[in-house]
Amino acid sequence: MKNKRLLVVISLIMIYLTGTFIYEKLNRSSDDSATGSSKQMVSVGVLQYVSHPALDDIYRGIKEGLKEAGLEEGKNLTIHFQNGQADQSKLATMSQQLVQADPMVLIGIATPAAQSLANVTNSIPLVLGAVTDPVGAGLVKSLKEPSGHITGVSDQPPVEAQIKLTSEILPKAKKVGILYASSEDNSKYQVSQAEAAIKKQGMTSVKYAVPSTNEIAQTVQVMSQKVDVIYIPLDNTIANAMQTVVKEANKAKIPVIPSVDSMVEQGGLATIGINQYDLGVQSGKMAAALALGKEKPETTPVYVFDKGDIIINEQQANQLGIIIPDSIKSRAKVVLKKMQPQTKKEEDK
């Protein structure tokens, strides 16, 4: 009799445990179905043109933008990152490698990187991370209607406002030297804008194009004897050698007006620029929306920032004996009192 009761108890326990197991399994399956999209592993390919503070800030911003959109490395995101270091042959090879990794979306940081990626795929969604003139670069049909697999964020700066700021800070300046790389399409677009803006302010302009970083130091030395101020458009080649530009310009007490906030930190006098980190955040959010199927590239307009911030380098102004008007200081978002320290390699140049 006792054995029968024991068997009954054991049977009841087994039935209870089996039922509990089945219930929990079904419940987990239901939860997984409900949250499947958030647990899906997303793969993103990123190609950066070259290393310098502005583009590095953009890449950091991209990761933050992806995170804000719910995609985080180590959880539900894998980032395949490549840096071409301004080598066109490397960009081509790296673009192929990124496409072969079969990501859900690609991001090209700077025009040459975006163009390289566009050359190897016409199906994977491609986000432009800092492309000044997407239409002129042949990447999209129009900013409002890209009509292809490419969209993204333009880093088009307020060139006219930058030149106006230059004339306000340096009212005695008559001749502006425009320093840019002849190999970069995005720079050429801004050079024409700058020429028109300089003329509008009653100044004259002289263009100085360099084929590579090897000629920058000598070119700046020549410019410094002929111009009152140097203007630098959004140019990756020049940005990569900003310390060299500043070093040579400082010898002749010639101020440098760049187009990017990080270049002011490196010794530029002032600018009205788009925050590069914020630009990256916006690129990351767009990439996440495309990867998760929430948006389509052909119907997603290219994002263009409608205004920038005044950034001035007070230490550089003091070094050059330039007084920044209080009217400009009061409008500035950032007043830099200490420049970024040079690396040992930069000091030895």
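Biologist: Why is Tyr303 called partly exposed?

Modeller: Tyr303 has 35% relative accessibility, and partly exposed covers the range between buried, under 20% relative accessible area, and exposed, over 50%, with a 1.4 Å probe and protein chains only. The value falls in that middle range, so Tyr303 counts as partly exposed. A word on the source: this is a predicted model, where local features need pLDDT of at least 70, side-chain atom pairs count only at pLDDT 80 or more, and totals for chains, interfaces and linings use all residues. Residues are numbered from 1 along each chain as its sequence is written, and side-chain values use heavy atoms, leaving out hydrogens and water.

Biologist: Thanks! How many aromatic pairs does the structure hold?

Modeller: There are two. Rings of Phe, Tyr and Trp (its six-membered ring) pair if their centres lie within 6.5 Å; planes under 30 degrees apart are stacked, over 60 edge-to-face, and the rest tilted.

Biologist: What makes the pair of Tyr59 and Phe81 stacked?

Modeller: Their ring centres are 4.2 Å apart and their planes stand at 25°, so the pair is stacked. Tyr59 belongs to helix 3 (residues 53–68) and Phe81 to strand 2 (residues 77–83), so the pair ties together parts 22 residues apart in sequence. Helices (H or I, at least four residues) and strands (E, at least two) are DSSP runs, numbered from the N terminus.

Biologist: Are those two residues buried or exposed?

Modeller: Tyr59, with a relative accessible area of 13%, is buried, whereas Phe81, at 32%, counts as partly exposed.

Biologist: And why is the pair of Tyr303 and Phe305 called edge-to-face?

Modeller: The planes of Tyr303 and Phe305 are at 80°, with ring centres 5.1 Å apart, so this pair is edge-to-face.

Biologist: Which residues make the contact of helix 8 with helix 10?

Modeller: Helix 8 (residues 216–224) and helix 10 (residues 242–251) have axes that come within 9 Å and cross at roughly 30°. Ile216, Ala217, Val220, Gln221 and Ser224 of helix 8 meet Thr244, Val245, Glu248 and Ala249 of helix 10.

Biologist: What makes Thr244 buried?

Modeller: Thr244 has 16% relative accessibility, so Thr244 counts as buried.

Terms used: Axes are lines fitted to C-alpha atoms, for helices over the stretch in contact, and angles run from 0 to 180 degrees between N-to-C directions. Contact means heavy atoms within 4.5 Å.
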